[in-house]
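Here is a walk through one protein model, written for someone who would rather look than read tables. Keep the viewer open as you go.

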Amino acid sequence: MAIIKKSPDEIEKIAASGRVLARCHRLMRSKARPGVTTGDLDAAAERFIRSQGAEPVFKGYRGFPGSICASPNSMVVHGIPGSYELKRGDILSVDIGVQLDGWVADAAVTLPIGPISAVATGLLASTREALFEAVEQCRPDNRLGDVCAAVQRRVEADGYSVIRSLVGHGVGRDMHEDPQIPNFGRPGSGPELEEGMVLAIEPMVNAGSHEVRMGNDDWAVYSRDGSLAAHFEHTVAITSNGPRILSPWHEGEEGSLSAAEGAAVRA
Ligand code: MG
């Protein structure tokens, strides 16, 4: 395993990609309403990303047809956007990868569509919190296992299950670099974290059992028991000062696009 460390300049490039990505997530949040299809969201995301001079990295990746992954309800990840129409009470996981100037940022959010059930609310809160607790562990001299264990601890304390067969990853020039980052593990185990590493940390959590199954399209992954699933992801750089989130979709969550961004999207 070779973890490719990034220079400060390279981290700034990933941050620039991450800013486009964060704005794209804000756009998705503003558009994800009952009656909208996942195909509509995909088209809007692609238009926005390209309007920023960037590229949607998922599109064409191993033949994936979409610019985003859009995974409703019991679908965990890798949903192909299409005719599925959102309805009140759904949850929708949206995963987006952006490449700008040759550098990739990757992030995911699970969105509530209108009012959602108590189970769904708890699942989203726990998965999101697990992500931020894992990000806190992204410091020089910690080990990768500290990051993995932080996710598992939060999720299991809340009574949900981390999916074993899907992992986070290093990110940089390529969307998937070493190391693999499971959402479970032992504190103090695994490679030491060092300044310059950039990690895509992505808790994927089922409300029921941790088992998953593949969909008929050979892309979508579902919870095996049909329980709801959530997915939150950030691209994070390890700096001498600790973690730096490079895909800040959580900032300004109340706000929407600036007038200029809105114009770019409508153009
Ligand atoms: Mg990822």
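What follows goes from the overall fold to the metal site, the core and the salt bridges.

## The big picture

First things first: this is a predicted model. The protein has five helices and 15 strands. A compact globule with 267 residues would have a radius of gyration near 18 Å, and the 17 Å found here agrees with that.

Of the 267 residues, 53% count as buried. Take the contacts with a separation of 6 or more: 71% of them are between residues 24 or more positions apart.

## The magnesium site

Which residues are the protein donors of the magnesium ion? They are Asp 106 (OD), His 169 (NE2), Glu 202 (OE) and Glu 233 (OE), and they sit 2.2 to 2.3 Å from the metal. If you want to find them in the sequence, look for the spacing D-x62-H-x32-E-x30-E. Asp 106 belongs to strand S5 (residues 103-112), while Glu 233 is in the loop between strand S13 (229-231) and strand S14 (234-239), so this pair ties together parts that are 127 residues apart in sequence.

## The nonpolar core

The largest nonpolar core holds 70 residues, and the members that touch the most others are Met 28, Leu 41, Ile 68, Ile 96, Leu 199 and Ile 201. Helix H1 (residues 8-31) gives the largest share of this core, with nine residues. Apart from this core lies another one, of eight residues, including Val 76, Val 77, Ile 163 and Val 212.

Leu 41 sits in helix H2 (residues 38-51) and is buried, with a relative accessible area of 0%. Setting aside neighbours within four places in sequence, Leu 41 is in contact with Met 28, Lys 31, Ala 32, Val 36, Ile 68, Leu 86 and Leu 92. Its C-alpha atom is 9.6 Å from that of Arg 29, twelve residues away along the chain. Then there is Ile 96: not counting residues up to four places away, its contacts include Leu 21, Cys 24, His 25, Met 28, Ile 49, Phe 58 and Ile 68. Ile 96 also touches Asp 106, which is one of the magnesium donors.

## Salt bridges

Side chains of opposite charge can pair when their charged atoms come close. How many salt bridges are there in this model? The count comes to twelve.

Arg 50 is partly exposed at 43%, and Lys 59 is partly exposed at 35%.

Elsewhere, the side chains of Arg 154 and Asp 158 meet in a salt bridge of 3.0 Å, N to O. Arg 154 is partly exposed, with a relative accessible area of 23%, and Asp 158 is partly exposed as well, at 32%. As for bridges that share partners, they join Glu 46, Arg 50 and Lys 59 into one network.

How values were computed:
Residues numbered from 1 in each chain as written. Predicted model: local features only at pLDDT ≥ 70, side-chain atom pairs only at ≥ 80, totals over all residues. Heavy atoms only, no water. Helix = DSSP H or I, 4+ residues; strand = E, 2+ residues; numbered from the N terminus. Buried < 20%, exposed > 50% of the residue type's maximum accessible area, 1.4 Å probe, protein only. Contact = heavy atoms within 4.5 Å. Donors = N, O, S within 2.8 Å, 3.2 Å for Na, K, Ca; no water. Salt bridge = Lys/Arg side-chain N within 4 Å of Asp/Glu carboxyl O. Core = buried A, V, L, I, M, F, W, Y, C linked by side-chain atoms within 4.5 Å. Rg over C-alpha atoms; globule rule 2.2 N^0.38 Å.
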